[in-house]
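The sequence and the coordinates come first.

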Protein chains: 2
Amino acid sequence: MSSPLVISIDAMGGDHGVPIAVAGAELSLQRSAGREVRFLLHGDEARIGPELARRAALRAVSDVRHTEHVITAAEKPALALRRGKGSSLWNCVESVKRGEAAAAVSGGNTGALMAISKLLLRMAGGLERPAAVASWPTLRGVTAVLDVGANIESDAAQLLEFAVMGAAFHCAVHGQPGRRATVGLLNVGSEEQKGHEEVREAHRLLREATLELDYKGFVEGNDIAVGTVDVVVTDGFTGNAVLKTGEGMARFFTATLRETLTSSLMAKAGALVASDALREMRARLDPSSVNGGPLLGLNGTVVKSHGGADAKGYANAISMAADLAASNYAARMSADMERLSNALNTLRHPHAAAQPAPAGVPS
Amino acid sequence: MSSPLVISIDAMGGDHGVPIAVAGAELSLQRSAGREVRFLLHGDEARIGPELARRAALRAVSDVRHTEHVITAAEKPALALRRGKGSSLWNCVESVKRGEAAAAVSGGNTGALMAISKLLLRMAGGLERPAAVASWPTLRGVTAVLDVGANIESDAAQLLEFAVMGAAFHCAVHGQPGRRATVGLLNVGSEEQKGHEEVREAHRLLREATLELDYKGFVEGNDIAVGTVDVVVTDGFTGNAVLKTGEGMARFFTATLRETLTSSLMAKAGALVASDALREMRARLDPSSVNGGPLLGLNGTVVKSHGGADAKGYANAISMAADLAASNYAARMSADMERLSNALNTLRHPHAAAQPAPAGVPS
């Protein structure tokens, strides 16, 4: 490749701050075989400098963008918008807006990251609302579930957008080349007449549309962990509830397993013998174990890393950002949005013919 | 007790039909120490008779109500309402309506059971909509989650009803004497301003109301399996999605555990040593493992048994029905609904003062 892929990193965000962000960048550099990458590290130079000094390879491909201004984890999004300018998070996203970086990664305040990203990058062509996507480990691999909380209520048009964004995301990050993503719409049953109006309307339109995805119809909650489809589409309220339910179940399993394996001498002996395998398994269960939650639908790639992620987790988020930025994900989304534009216009402005056409999509 | 508790059983419902229903009744009779029970068995006498003949103790406390008419599993609820009269399911519920039985149990068509129960028994005082409740095994015991699918969309008034029904149910079936149930409202965050209008309105009213329950505020999906509260209240769409997600996670976990424990010789040896403990654990994980899904809010107790339940599962559903029917659950609900009546009236008819009061609550 002629020019390197530049990743903009909020080095101050996350529970563990600078050391983890820098260690994560180093790890992702070591893993980036065949792809030339560079990093912009936003934050306090006095704290980033010493971390870089010990890492010659990383230092050679990194620029530090100094700021001492940090948005705290507790800051409300509205306040972060007003007071966040010049902070490490703000500058991290602004680098993408200015074209200096291909993607932004932050482990900081989620609401602030969402608000600032929307303000600075704006929505990509045709899309009205961003979506947060989770990469859920399943029996068959990884399923993308969205929206998991960027929106509270979602109408049929938004569900369509989520399908398009989720399919493009899955192909870019988890998919196999040349294979379209299979997409299911979360519902309370698989029959046509099930569910509320929004979900049935979205179902009808997804079935009729010709898109770069393979729509499989309604799926149910149990299909998520089984991995029936590559992408599960739902409103942000339900998506957030199922994601956190999955996290709670993983914790329940782990605790129950621990209890079971310490309940008797025989079980203890068994656990000792099988301990490597059991340790490996625990890491596979939690839907939050795949680190990196992209905000989809923006003009630019933004990935949220878990606040509590370790260096390995942070490196995973950076790799996801790099994969997304290097892919044709954005073009794929906009091509599908183009194909959907008639259907979406009718859906959003059912009486458009009888009255002046509203501005419609925010620019 | 002077008179026995009579349980009405749809002996034809469920995937395994008469043998499982009769075996389940026998098992529940054996477990009913201290409580005098009788059974009405609805279905084909030619098939029930031989099963009873081999069980003297059960036969002594059972009456067979003959019918050959059966509602199939595929029958649509609307058709079941029109054509279901005289079927084993219909007659099973009708026995409760007539006062011949204290509770009805069926493993048959869920939609038909719901529709026929609503038609024959009607809603209990003050309540507008029934709710389906799941008993979810957690780290701390069992949490009641409702609604898990009897309704598709739920407004603030319905969420309040679910809180009242769920608390009364939990105290009757899973609770400790003298302790009020703790109740949480499922949301996407624990802060006051989170979530959509319905959930925030219900939160405000539950916080203000003085009810026979201990309202703990918002909870999130991860709180369910942890067992943070005794009762988790949510709309039927979200409740159905989280319940089925939990079932899928349990399947995922079991499959992963099996795979892990056959992945290497050491793991295999460990599993062999710990096999009893692991087998016991698997049974504890699945939120569908506690059989018996009551339809709450009706004038009478109706419990749905899983279609695929075995005799032990069927007996659990019968025990749950007996516990509910023998409890003061109905009185508790109606007392709380009385306390809520002003709030609910305002919620349902915000402009009632300015116009003739509508009929409001279906009788």
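## The sheet of chain A

Strand E2 (residues 37–43) of chain A runs parallel to E3(A), joined to it by five bridges. Helices (H or I, at least four residues) and strands (E, at least two) are DSSP runs numbered from the N terminus, and two strands pair if DSSP finds at least two bridges between them. A:His42 stands opposite A:Arg65 in E3(A).

This is a predicted model, in which local features need pLDDT of at least 70 and side-chain atom pairs count only at pLDDT 80 or more, while totals for chains, interfaces and linings use all residues. Residues are numbered from 1 along each chain as its sequence is written, and chains are lettered from A and ligands numbered from 1 in the order in which they are written.

The open sheet has eleven strands with mixed pairing, in the order E3-E2-E1-E4-E11-E10-E5-E6-E9-E7-E8 (chain A). Its two edge strands each pair on one side only:

| Edge strand | Residues |
|---|---|
| E3 of chain A | 62–66 |
| E8 of chain A | 214–219 |

## The helix pair of chain B

The axes of helix H7 (residues 156–173) and helix H14 (residues 329–348), both of chain B, come within 10 Å and cross at roughly 165 degrees. Axes are lines fitted to C-alpha atoms, for helices over the stretch in contact, and angles run from 0 to 180 degrees between N-to-C directions. H7(B) and H14(B) are therefore roughly antiparallel to each other, a term for angles over 145 degrees.

Conventions
Angles under 35 degrees count as roughly parallel, over 145 as roughly antiparallel, 65 to 115 as roughly perpendicular and the rest as oblique.
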